[in-house]
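User: I have a model open and want to go through a few local features. Can you take my questions as they come?

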Amino acid sequence: MSFYRPTWAEVSPDAFVSNLQQIKKTVGPKTSVLAVLKADAYGHGATTLAPLALQNGAAALGVSSLEEGIALRDADIKAPILILGGIYPLTNFSVALDHNLTPTVASLEAAHALQVAASKQNRPVPFHLKIDTGMGRIGVSPSGAKPILDWLRHEKTLKLEGIYSHLACADSDPEFSVQQLKLLEDVVAQARAFGFTEALAHIANSAGIALGTPFSLNMVRPGLALYTSNFPVLSWQTKLIFLKKVPANTPISYGATFRTQRDSEIATLPVGYADGLPRLASNKGSVLIRNKRCPIVGRVTMDHTMIDVTGVGATVGDAVALIGCQGAETLTALDWADWAQTNSYEILCGISKRVPRVVLTKGDKRG
Ligand SMILES: *Cc1c(COP(=O)(O)O)cnc(C)c1O
C-alpha cells in the first residue's frame with residue numbers, strides 16, 4: 001500500500017491472535033467464541049482480521065448490519081456470521097438469507113417475517129433470538145419469549161440456533177449483570193423444556209467474560225478485548241512535518257486558545273479531527289515524540305495538530321506515536337478517550353477512512 005501523507009495506523013495480526021487465544025483460554029474448551037468484527041473490526045479492518053479469527057479458533061463472526069455481513073461474504077468468508085443489529089425493514093430478512101447471514105430476531109413480528117422469507121428456502125433457516133434483559137435496546141422481553149418459543153415449536157422452516165442477551169453494566173455493576181444473566185437463563189430453561197436443546201445461550205461481551213465463567217454459557221461475544229486487552233492491535237503513527245521556534249506570547253491555532261508562555265518550539269503534525277483525532281483533546285492530549293510525552297497546544301484542526309516540543313530535540317521527520325509506544329512511554333485509545341470524555345470504542349471506530357491501515361506481516365514487531 002502506498003500513501004504520501006505520513007499518517008497511518010498499523011494493525012498487528014500477532015497481537016489480535018494473542019488476544020483471541022487469551023480469551024479462548026479464559027472461557028475454556030466448552031464455550032465457543034463469536035468474534036465481533038462490527039464497525040470494520042472497530043476500525044482495524046474486518047476483512048483482514050476475519051480469516052485470522054477463524055483460523056485461530058473463533059467459531060463464528062458477529063457484525064452489526066447486513067452491509068457488514070455482505071462485505072465479509074464478498075471477501076470469501078464462509079463461516080457463520082451473526083447480524084447483531086436490528087433488521088429493518090423486516091422484508092430485509094430475505095437479504096440475510098440470500099447471503100447466508102444469520103439474523104437476530106428481536107420481536108414476534110420479526111419472527112413471523114423471517115418465517116415468510118424462510119419459506120422460500122429449501123433448508124431450515126438458522127437465527128438467534130434476542131432477549132432484552134436490561135439493556136433496553138432491542139429484544140423480546142423475558143415474558144414475551146414464551147409465546148415465540150411456543151410458536152417456533154411447529155415452525156420447521158426455522159432453526160433456533162441461539163438465544164442471547166446483551167449486558168448493559170458488565171464493567172460497572174456485577175449485581176445488575178447477575179440479574180440479567182438470571183433472566184436469560186430462565187428463558188433458556190423454558191426453551192430447553194420446549195425441546196430446543198441445541199440452542200446456544202450467550203450473553204457475555206468482553207466485560208462480561210471478565211465477570212467470570214458463569215457468564216460464558218455456550219458462547220461469548222468479545223469485541224473490544226480482541227483489539228485492546230493484553231496486546232493493543234492498533235498503533236497510530238504520524239510524523240513531524242513542520243517545526244518553528246517562536247517567542248513567548250505567540251498564539252497557536254484557531255481561536256488563539258493557547259499562547260506560548262516562553263520561547264518555544266512548536267511542531268505541526270499532519271493529522272486532525274477529519275482523521276478521528278478528537279477535537280476535545282485540544283490543549284489537553286499528548287503525543288509521543290523522541291520517547292517523550294509532548295502536549296497538544298491550541299485547537300486540533302481538521303487536518304493538522306500543533307505540539308509543544310520545546311527542549312525535546314525534535315526535528316522534522318521525527319516519528320510521532322498517537323496510539324502506541326516509544327521507549328518507556330505508551331499512549332492508548334483509553335488515554336484519548338479520557339481526554340475526549342468518551343470510551344476507547346469511539347476513539348478506535350472514529351479513526352477515519354482517510355487513515356491508511358497497514359497490516360504488519362506475521363512476526364513483525366510494531367514500530
Ligand atoms: C458490540 C457487541 C458486542 C461486543 O462488545 P465488546 O464490549 O466490544 O466486547 C457483543 N455483543 C453485542 C450484541 C454487541 O453489540
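**Cysteines, an aspartate and a sheet**

Analyst: The structure holds zero disulfides, a disulfide being a pair of cysteine sulfur atoms within 2.5 Å. This is a predicted model, where local features need pLDDT of at least 70, side-chain atom pairs count only at pLDDT 80 or more, and totals for chains, interfaces and linings use all residues. Residues are numbered from 1 along each chain as its sequence is written, and side-chain values use heavy atoms, with hydrogens and water left out.

User: Is C294 buried or exposed?
Analyst: C294 is buried, at 1% relative accessibility. Buried means under 20% relative accessible area, exposed over 50%, partly exposed in between (1.4 Å probe, protein chains only).

User: Switching to D318. Where is D318?
Analyst: In the loop between β17 (305-308) and β18 (319-326); strands are DSSP runs (E, at least two residues), numbered from the N terminus. D318 is buried, with a relative accessible area of 9%.

User: What does its side chain make a polar contact with?
Analyst: The side chain of R290, at 2.8 Å. The cut-off is N or O atoms within 3.5 Å, one able to donate a hydrogen and the other to accept it.

User: And the sheet with β17, what is the strand order?
Analyst: β11-β14-β17, an open antiparallel sheet of three strands; strands pair if DSSP finds at least two bridges between them. β11 (242-246) and β17 are at the edges, each with a single partner strand, so one side of each has no neighbour in the sheet.

User: How many bridges join β11 and β14?
Analyst: Five, with β14 covering residues 264-269. K244 stands opposite I266 in β14.

How values were computed
Helix = DSSP H or I, 4+ residues; strand = E, 2+ residues; numbered from the N terminus.
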